[in-house]
Every structure is written in structure tokens, then in C-alpha cells.
2 protein chains.
Amino acid sequence: MTRTPTAEPGPAPAVADLATRVLAGDRLALTRAITRVENGRREAAALLQALTPHTGHAYLLGITGPPGGGKSTLTTALVTLLRARGDTVAIIAVDPTSALSGGALLGDRIRMLEFYDDPGVFIRSMASRGVLGGLSATTGDVARVLDAFGFDWVIIETVGVGQGEVAVAGLADTTLLIEVPGLGDDVQAIKAGVLEVADILVINKADKEGATKLATTLRGMLSLAHTPGWSPPIVQTVAATGQGVPELLAAIANHRGYLEHSGARTDRTRARLRAEVLDRAQELLTARLLGLMDGDAGFTAALAQLVARERDPASVAADLVARLAP
Amino acid sequence: MTRTPTAEPGPAPAVADLATRVLAGDRLALTRAITRVENGRREAAALLQALTPHTGHAYLLGITGPPGGGKSTLTTALVTLLRARGDTVAIIAVDPTSALSGGALLGDRIRMLEFYDDPGVFIRSMASRGVLGGLSATTGDVARVLDAFGFDWVIIETVGVGQGEVAVAGLADTTLLIEVPGLGDDVQAIKAGVLEVADILVINKADKEGATKLATTLRGMLSLAHTPGWSPPIVQTVAATGQGVPELLAAIANHRGYLEHSGARTDRTRARLRAEVLDRAQELLTARLLGLMDGDAGFTAALAQLVARERDPASVAADLVARLAP
């Protein structure tokens, strides 16, 4: 292979070349490959096909929880410990996206700048997309690229309130649900809804008032859930000081051991791949649907009838679907 | 019309009868009609067709914001004021749903029990559904039933972090975004993402430290957004004491006046209906997709190839879509 120039901006390298460079550990190629996957270009399919046989090494860790739970601080503390023992770590930070514009506001990833000089850490902020969906598919593909590159860990961090975000983190090998004391009643409700994706419950900011009460509540909720095989432990941490983080890492290792020995890891992988296929198929169909809607005279007329209350949305939707998939 | 027995459980009344009773103000019929719409039964289509011509009276108010923002308390305070002037109010409280099971954990709606004896208030908790989607469509249909029943206001309350939930509240006539001081960095990130759906920004718990700083931040973010026509005001409230709530109601009336006079209300209605059609069409297609996946020998084989890393999800998804919509 001849030497290729690596300075941006340049012509997009051929797919085979890009895959080769990713597998050789070229970091600029990695960034380009991820951008290509995120953009959903047609070439991404060939790239992923080339990389897929080289995946399977990385361990996927999902981290989710409500806003204000200190997920970023806890991720930083975990990464610091993992780096201290020589493991390499990639982080996919999924940021909430505006539903209407599809635009993303990147969050507080800037604090992760402390790993800026460390080639063993890679951080990518990713926007949860708009109506086109595809969050599971895109996250899965980005994780696949990072896995092929050779990272030991791929951490997927999401704000765990919306169902899409929870689903993405919940499909990791091990999923942490972060809770904090004193976030109010709404949080209690959400907690219940997302509890079942959690393999390990983390009470962060455990030095705050209410931590013991929260632990009791969570224990009570866990006792109501019937999960055969694995009982999620509750680990208390103070991410800002590092307190409890080694215990959290031990709990993760414990769960990893359980998954490997019980065969449950394959079940998880299968469920994750099934969700990705569904997600991607939905995305393809939605693009086709939008093609039938936007700029179509018949649809514009139907929309006017809807506004005039002469039709209802269900019948218009049924017509669209009949045109697309007879 | 002969008198029909109304005690549950009984046989489901015929659709025409149910619609007639909803329009006559029969509350049990209302509850049954909403359940039917939520279950997505085929009869719901006929019911909505019968009710749609009678809609258009209710004003849709969306309330969204991060967990812990006091949305329920603020809703209660608003409803109390609306009731004092004789307006009737229905509330659709969308609760976050587990992504994996589709099961819903109903939140803290119990506090709304204070309106239990008031026939001018109707409260319905609704689960944001699983992968089948349909949140916009279902919320729209439930609002349609409540509108036809004759409520003056339909309030749609969502936890505004996931994109689906924000989208639903954002499609109301007037949308309030509730923020509170001191919820941490994550919230700041989310705020940016959902800011553009807000017609009115509410700083609740404005007696807490940081309210002034939050107002400055929000004002700065608003000044960056280019929204022609309407500049979202910032209203400070303490929902628990009622402070600022009359001012909030005045801001809502102001926005309502703007919408009516500028013609923007029709644009909103059109956007809402378009989103509902898309949502419902996606739901129909997803059901068809799942039919091709589950229990299908070919798909099971493809999944095994995925697990073995012999294929990648994009190609399996493309095959599925080709079968459904050639």
C-alpha cells in the first residue's frame, strides 16, 4: 500500500483503503470512518462489511440515567481506572436532539478533554436523530467500527429518559443505570420504567441526603421484578471523588463473568442485532414514506382535507402505506 | 336511542352509539372511547371518523421539561385558575415507558386527585409506547376525542427529554417549556435541544438559588435563535405557592392571540396532522416488518449469520424492506 496523505480536507479514500487503515490503528481513518457511518452514505455499507469480521473483541458498556445524575463524571472516573490497568476505551456520548430540526446541541463533553492527549481513549459525541430514527442502528455501527479498531471497551452513554435513548444503552453487554438522591417525583416514575434494562444500579452522589432512602426504594422495586439469573446489585458512588468506583468496576467484571458463563452474552448480541435490523429497516421505509409525502400533490390535497376535518389521519396513513407496500 | 347499560364490564357498545354518547357528554363513554383509541382497535378508526367533524373547539397546550421541574404541580396550578373562570380542562399525561417491555409505570398523577370530584376536569395517563411508535398518532387521537367531547382545554404533559416526548408536546397550539434552577449540566444541554419547540419559557421554582442566572442563560440562548414572528417570553413561577401562575396564563392568552391573528395556528395544525400521518404510517409498516421477522425461518437464519459476523445488519434490513415494499 502506498502512503496516503492524511491531512483534512482531502479526497475521501477508497473504502477498502479506509477499512485497512482503521484495522491498522490509524486514528484519522477511524474518525473518517465514523463520520461516514453517521452520514449513512452508501459507502458505509461496504466499509461495515469489511470491518464486521474483525469485530467481537470490545466489551460494550451502556451508561444511562436521568439528567443531572453525573453520568459524565462517573464515565470519567471509570475510564481513569480502566486506563490505569492498560485497557483502551472508546466512548459514544449520545446527545439529545431536537425533534423538530434534527439539529444537535453537543453537551458537556468538553470535560472529557482531560483525556485529550491519551491515544488509549477516544470520545465521540453523537446526536440522537430526528424522525428518521436510526439511533440503534447508527450507534451499533459506530460501536462496530470502534470494536474493529481494537478498543477493549466501548462505552455508550445516553440520557436515559426517552425510550430510544434507554433502548440504546440497554442493548450493551452490561448496562448501568445511574440514579441520584433528591431529583424529585418525576424521576421516581422514570426509574420504574427503565429499571429493567439495568444490570447494575448506581446511586451516584451517594454522600447527598436521601441516598439510603433511594437505595431502599430501589431494592424494593428490584424485589418486585422477576429477573431470572441475574440480580442487579446496587453500588453507591461519589464520582467526583472516586469513592465506590473500584467497587463499581468489580460489579461490572462480575456481571461480565455471569454473561460469559451463562451464555447470556450471545442472547444479548442477538437482541441487539435484531433491534438494529428493525431500526434500519424502519429508517429505509420512513425515507420512502417521506418521498411519497413531500411535494406530492395528492398528499398536499389530503393534508388540506385533514385541516378541514373532512378526513382523519388514520385513513390518509393507510393510503400512503398501500401505495408503498401493496 | 334506547338507554344502554353503563356498568363495567359489559359488551362494547356499537361505534355509532359510543360516538353519540361521547358527543352527548357521557363520561363513561369518553373513557371507553379513549381506551379503544389507545388499543388501536380497528373500530377506533370508525369512531374517530364519527368524532372528527365535531372537533376544533379545544385549545391544545403542551407542557414539557426535564424530570424534577415540577410540571405536575404547575399543571395543577394552571388548572385551578382555568376552573375558577369556568373553563373545562382535559389532561393527557404521557408517562415514559420502558423500551424493552412496552410496559408503563404510571407516575405521580395521584396528586391530581384533588380534581377527582370535578366533572370539569378529566385526567388520563398514557404510556409512551415501545418500538411500535405511534406516540404522536395516539396522543393526537386521544386529544381529538377529548376535543369532540367538548373540553375547552386539552393539556398534553410530557417529560421533555426523549425526542418523541418533546415532539408530542411541541405540536400543541402553545407549548410551555419548564426549566428549574440548579438541575446540573445535562439539563443545560437538553434545554438547548428542546428550546425551539417552546412558545413560552417557564422558570419554575423561581425562589430557588440560580433563577436569575438561568433566566440570563435562557435569554442568551433565545437571542441566538432566529424565530420570525414570535419571541418566547420567560415567565418565572413558584407553582407550589401559585406565584406567577396568573402571569403565565396571561402569556398563554397572548400567544393564543398571536396565533389566531397571524394565521400561524393553521400552520401548526397542519404540521401536527402531518406528524400524525407519518407516525401512523410508520406504525403500520413496523407491524408489517415485525410480521416478516418473528417466527420466520429465513430471518432466524439471517440473525444467526449476524451473530456469527458473517453478515451485517444493513444488508439484512435491505432484504426485509425489499420483501415488504418492492
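This is a predicted model: local features need pLDDT of at least 70, side-chain atom pairs count only at pLDDT 80 or more; totals for chains, interfaces and linings use all residues.
Visitor: What makes up chain A, and how much of it counts as buried?

Guide: Chain A has 12 helices and seven strands. It runs to 326 residues, and 51% of them count as buried. Among contacts in chain A with a separation of 6 or more, 75% join residues 24 or more positions apart.

Visitor: What does the predictor's confidence look like for chain A?

Guide: Average pLDDT in chain A is 82, and 80% of the residues score at least 70. Then there are stretches where pLDDT stays under 50. Residues 1–11 of chain A are one of them, with five contacts beyond four places in sequence. Residues 98–109 of chain A also stay under 50, and there the model has 37 such contacts. For the model as a whole, ipTM is 0.75 and pTM is 0.72.

Visitor: Which residues of helix 12 of chain A and helix 10 of chain B meet?

Guide: From helix 12 of chain A come Pro313(A), Ala314(A), Val316(A), Ala317(A), Ala318(A), Leu320(A) and Val321(A). They meet Leu273(B), Glu276(B), Val277(B), Arg280(B), Ala281(B), Leu284(B) and Leu285(B) of helix 10 of chain B. By class, that contact has 12 nonpolar residues, two charged and no polar.

Visitor: How do you know that helix 10 of chain A and helix 10 of chain B are oblique to each other?

Guide: Helix 10 (residues 264–293) of chain A crosses helix 10 of chain B at roughly 140°, and the axes come within 10 Å. To count as roughly antiparallel, an angle has to be over 145 degrees, while roughly perpendicular ends at 115. Roughly 140° sits between those limits, so the pair is oblique. This crossing is right-handed. Contributing from chain A are Leu278(A), Ala281(A), Gln282(A), Leu285(A), Thr286(A), Leu289(A) and Met293(A). Helix 10 of chain B brings Leu278(B), Ala281(B), Gln282(B), Leu285(B), Thr286(B), Leu289(B) and Met293(B). The classes come out as 10 nonpolar, four polar and no charged residues.

Visitor: What makes Arg309(A) partly exposed?

Guide: Arg309(A) has 16 C-beta neighbours inside 10 Å. Buried takes 20 or more and exposed takes 12 or fewer, so with 16 Arg309(A) counts as partly exposed. Arg309(A) sits in the loop between helix 11 (297–307) and helix 12 of chain A. Its phi is near 60°, a positive value in a residue other than glycine.

Visitor: And where does Arg309(B) lie?

Guide: In the loop between helix 11 (297–307) and helix 12 (313–324) of chain B. Phi of Arg309(B) is near 65°, also positive in a non-glycine residue. With 16 other C-beta atoms within 10 Å, Arg309(B) is partly exposed.

How values were computed
Residues are numbered from 1 along each chain as its sequence is written. Chains are lettered from A and ligands numbered from 1 in the order in which they are written. Helices (H or I, at least four residues) and strands (E, at least two) are DSSP runs, numbered from the N terminus. Two residues are in contact if their C-beta atoms, placed from the backbone, lie within 7 Å. Ala, Val, Leu, Ile, Met, Phe, Trp, Tyr, Cys and Pro count as nonpolar, Asp, Glu, Lys and Arg as charged, and the others, Gly among them, as polar. pLDDT is the predictor's confidence in each residue, from 0 to 100. Axes are lines fitted to C-alpha atoms, for helices over the stretch in contact, and angles run from 0 to 180 degrees between N-to-C directions. Angles under 35 degrees count as roughly parallel, over 145 as roughly antiparallel, 65 to 115 as roughly perpendicular and the rest as oblique. A crossing is left-handed if the near helix is turned anticlockwise from the far one by less than a right angle, and right-handed if clockwise.
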